[in-house]
Amino acid sequence: MKKKNLLFLSVSLLLVGCNGNSTSTSTSSSVNETKVYPSIITPNGTPTIAISNYAINHMDDVEVVSGPQPLTAAFASKDKDIIIAPINLGAMRYNKEENPTYGLYRTIVWDNIYLLSREEVKEFDDLRGKTITSYGKGSTPDIILNTVISSTNLSNDITIEYVDNVVMANSAFSSGTADYVISAQPNISALNLEGVYVKPLLDFWKTATGLDSYPQSAMFVKISKYEELKPALKEIDASIELATKDVTTTAKNAETVTGTFKEALLAKAIPNSGYKSFNNEKELVEGYFNAMINLGLSANVGGKLPDENFYLNK
């Protein structure tokens with residue numbers, strides 16, 4: 001994991017004599033073969049938690065960041081072997097480049113958007129005349145919510161108030177200033193949920209689109225190094241699969257890797273954080289992109305659906 005401390009950086013450069021962005025290798029003496037470990041940048045939160053069982057053993061190769069700016073910069077600089085980012089950001093960069101650098105390897109976080117309320121919401125029509133506090137205008141929470149609203153013809157009957165981030169949305173709910181709030185894990189698990197209804201937006205998305213899931217964070221791999229990185233990618237895949245199979249170990253590792261969330265909170269959040277895989281991933285991804293285009297947000301996906309070469313795991 002990247003450290004910002006200059007003393008640490010100086011000592012690290014002295015000891016290893018290499019750039020932290022570069023790919024690392026290890027050699028097995030028993031078979032005399034070199035294994036390549038990729039340099040990775042990942043946003044803190046559910047994406048980092050997903051790969052924490054891998055990252056705990058490769059801390060020097062994994063940079064954990066906050067906010068979208070470092071991810072956008074990583075796509076521009078092309079320094080990283082793997083960028084974990086919102087799926088539409090990777091598609092947008094792919095569509096903008098004549099010779100794309102990164103392709104989609106897999107989605108690692110799905111369906112991690114929830115509606116919090118103090119009254120049970122069984123049907124979306126129950127929200128008629130209500131105000132929903134949301135975050136991330138133009139991003140996945142907003143896209144899912146507005147796709148559902150459009151499909152139910154409630155655009156004139158529901159008001160959306162936006163805040164900057166999920167923490168502020170949760171704060172509005174906890175303080176009682178908002179009665180209906182869009183939220184996500186792991187932040188939901190930090191709330192006192194007594195008397196609170198937690199409704200997956202996936203239930204409404206299925207009805208609105210006929211699709212079984214929607215993608216959020218995805219892993220983009222440098223196309224020129226895809227074949228070389230396949231052994232490491234298999235390790236990362238195993239790490240993601242372990243996230244829900246061994247929640248205890250994952251929570252412990254994720255506390256160290258994220259440096260933000262406590263183990264006890266993570267143990268509650270991980271089972272509901274959307275760590276899944278689908279055989280029809282391309283169909284689900286394109287369904288999500290089409291929803292963006294239908295909402296007039298085609299620029300956020302690069303103006304069109306990515307071509308077949310976008311999908312590395314064909």
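This is a predicted model: local features need pLDDT of at least 70, side-chain atom pairs count only at pLDDT 80 or more; totals for chains, interfaces and linings use all residues.
Visitor: What makes up the protein chain in terms of helices and strands?

Guide: The protein chain has twelve helices and twelve strands. It has 314 residues, and buried residues make up 49% of them.

Visitor: Why is valine 167 called exposed?

Guide: Exposed means over 50% relative accessible area. Valine 167 has a relative accessibility of 51%, so it counts as exposed. Valine 167 lies in helix α7.

Visitor: Where on α7 do the exposed residues Val167, Ser174 and Ser175 lie?

Guide: They are on the face of α7 turned away from its buried side. The buried residues of α7, which spans residues 166-175, are Val166, Ala169, Asn170, Ala172 and Phe173.

Visitor: How do you know that the buried residues of α7 line one face of the helix?

Guide: Looking down the axis of α7, the buried residues fall within an arc of 155°, so they line one face.

Visitor: What covers the buried residues of α7?

Guide: The cover includes strands β7, β8, β9 (159-163) and β10.

Visitor: What makes asparagine 165 a cap for the N-terminal end of α7?

Guide: A side-chain oxygen of asparagine 165 lies 3.2 Å from the backbone nitrogen of valine 167. The cut-off for a polar contact between N or O atoms is 3.5 Å, so a distance of 3.2 Å is within it. After α7 comes glycine 176, with a positive phi near 85°.

Visitor: How do you know that the charged end of arginine 118 sits over the ring of phenylalanine 173?

Guide: The charged end of arginine 118 is 3.9 Å from the centre of that ring. The distance limit is 6 Å, and the charge must also be within 35 degrees of the ring normal. The charged end of arginine 118 is listed as sitting over the ring of phenylalanine 173.

Visitor: Which residues of helix α8 are buried?

Guide: In α8 (residues 201-209), they are Leu201, Leu202, Phe204 and Trp205. Down the axis of α8, these residues fall within an arc of 160°, so they too line one face of the helix. Among the elements covering them are α6 (140-151), β11 (197-200) and α12 (281-294). Glycine 210 follows α8, and its phi is positive, near 80°.

Visitor: Why is the pair of phenylalanine 124 and phenylalanine 204 called edge-to-face?

Guide: Rings pair if their centres lie within 6.5 Å, and planes over 60 degrees apart count as edge-to-face. Here the centres are 5.0 Å apart and the planes are at 75°, so the pair is edge-to-face. Phenylalanine 124 is in the loop between β7 and β8 (131-135), and phenylalanine 204 is in helix α8, 80 residues apart. Both phenylalanine 124 and phenylalanine 204 are buried.

Visitor: How many aromatic pairs does the structure hold?

Guide: The structure holds ten aromatic pairs. In one of them, the rings of tyrosine 94 and phenylalanine 310 have centres 5.1 Å apart and planes at 65°, so this pair is edge-to-face. Tyrosine 94 is in helix α5 (residues 87-96), while phenylalanine 310 is in the segment after α12, 216 residues apart. Tyrosine 94 and phenylalanine 310 are buried.

Visitor: Which residues do ring pairs link into a cluster?

Guide: The cluster links Phe75, Tyr94, Tyr102, Phe220, Phe310 and Tyr311.

How values were computed
Residues are numbered from 1 along each chain as its sequence is written. Side-chain values use heavy atoms; hydrogens and water are left out. Buried means under 20% relative accessible area, exposed over 50%, partly exposed in between (1.4 Å probe, protein chains only). Helices (H or I, at least four residues) and strands (E, at least two) are DSSP runs, numbered from the N terminus. The arc is that of the directions from the helix axis to the C-beta atoms. Contact means heavy atoms within 4.5 Å. Rings of Phe, Tyr and Trp (its six-membered ring) pair if their centres lie within 6.5 Å; planes under 30 degrees apart count as stacked, over 60 as edge-to-face and the rest as tilted. A polar contact is a pair of N or O atoms within 3.5 Å; within protein, one must be able to donate a hydrogen and the other to accept it, and residues adjacent in sequence count only if both atoms are side-chain atoms.
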